[in-house]
Amino acid sequence: MSYPRPRDDSRRDDRPSGGQRRFIRARKSCRFCAEKIDYVDYKDTRLLGSYIPERGKILPRRISGTCQPHQRMLAEAIKRARNIALLPFVTA
Amino acid sequence: MSGRRTEVIQKEETSLMRVYEVMFIISPTTEEGDIDKLITQLSDVATSQGAQVTKIDRMGRRRLAYPIQKLTEGYYVVFTIEGTGLEIAELERRMRVTDAVIRYLTVRIDQELKRAEKFRSARAARAAASRATRSSRSRSQIAVAETSDEEDEE
């Protein structure tokens, strides 16, 4: 039986707000590390699409929880995919 | 020492042969037969320059994420090419002058694949190491048990 890891309270967004109830957020984790993806392919629009919100921007790592090396690969892949019209640059 | 030297030589050899991925979009207004003809034509350009087209992947017709030359659809094709890079220059030149090719993208993937391979082997090594320590621990426990047996016999 595994329990969720204790929360790291030093995180900015986890700071208790004026003695009020704290929100317990699920711990974010890098999906690419979990699925052992070593190379982010720009052709895989299904995967990349999950990191593109409505506006067409690249989802920041503070939201998605992706680790730095994987975020770098992901950003590169998204930019390649945009060039070949697999993904949009902007969506109105 | 000799191991390091061979490694350097191999690096030089592989640097001559690179792996590229050339993706291009053919205008949907071209007919099926013309698409086939164009694909063989372009792969011949690469092979005639001395490269090897190891894979031709037709992703087929799909919607473009944004209009290119007022077109909203395109026929996607991916070539995987092994070569020195000179063939790529020629291939790109040909695609630029071909009107049916509305967009192309060349990506050099050998370094990235090597990096991915490195991660994979590092992970395998880590897994093997942890397995080894676990098994060696159990083996040492067995050894301890055996010595205690021997002591009993004495």
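Let me begin with the sheet in chain B. Four strands make up an open sheet there, in the order β2-β3-β1-β4, and the pairing is antiparallel. Which strands stand at the edges? They are β2, residues 52–68, and β4, residues 101–108, of chain B. Each has a single partner strand, so one side of each has no neighbour in the sheet. On average, neighbouring strands in this sheet are turned by 20° against each other, with direction ignored. Please keep in mind that this is a predicted model.

Now take one pair from that sheet. B:Ile56 has B:Phe79 in β3(B) as its bridge partner, and B:Gly60 stands opposite B:Tyr76 of β3(B). How many residues lie between β2(B) and β3(B) in their hairpin? There are two, and B:Gln69, in the turn, has a positive phi of about 50°.

Next, the contact between the chains. Chain A gives 10 residues to it and chain B gives 15 residues. On the side of chain A that touches chain B, seven residues are nonpolar, one is polar and two are charged.

Last, confidence in chain A. Its mean pLDDT is 81, and 78% of its residues reach 70 or more. Where in chain A is confidence lowest, and where is it highest? The lowest is helix α1(A), residues 31–34, at a mean of 88, and the highest is helix α4(A), residues 68–83, at 93.

Conventions. Residues numbered from 1 in each chain as written. Chains lettered and ligands numbered in written order. Predicted model: local features only at pLDDT ≥ 70, side-chain atom pairs only at ≥ 80, totals over all residues. Contact = placed C-beta atoms within 7 Å. Nonpolar A, V, L, I, M, F, W, Y, C, P; charged D, E, K, R; others polar. Pairing = 2+ DSSP bridges. Axes fitted to C-alpha atoms, helices over the stretch in contact; angles between N-to-C directions. pLDDT = per-residue confidence, 0-100.
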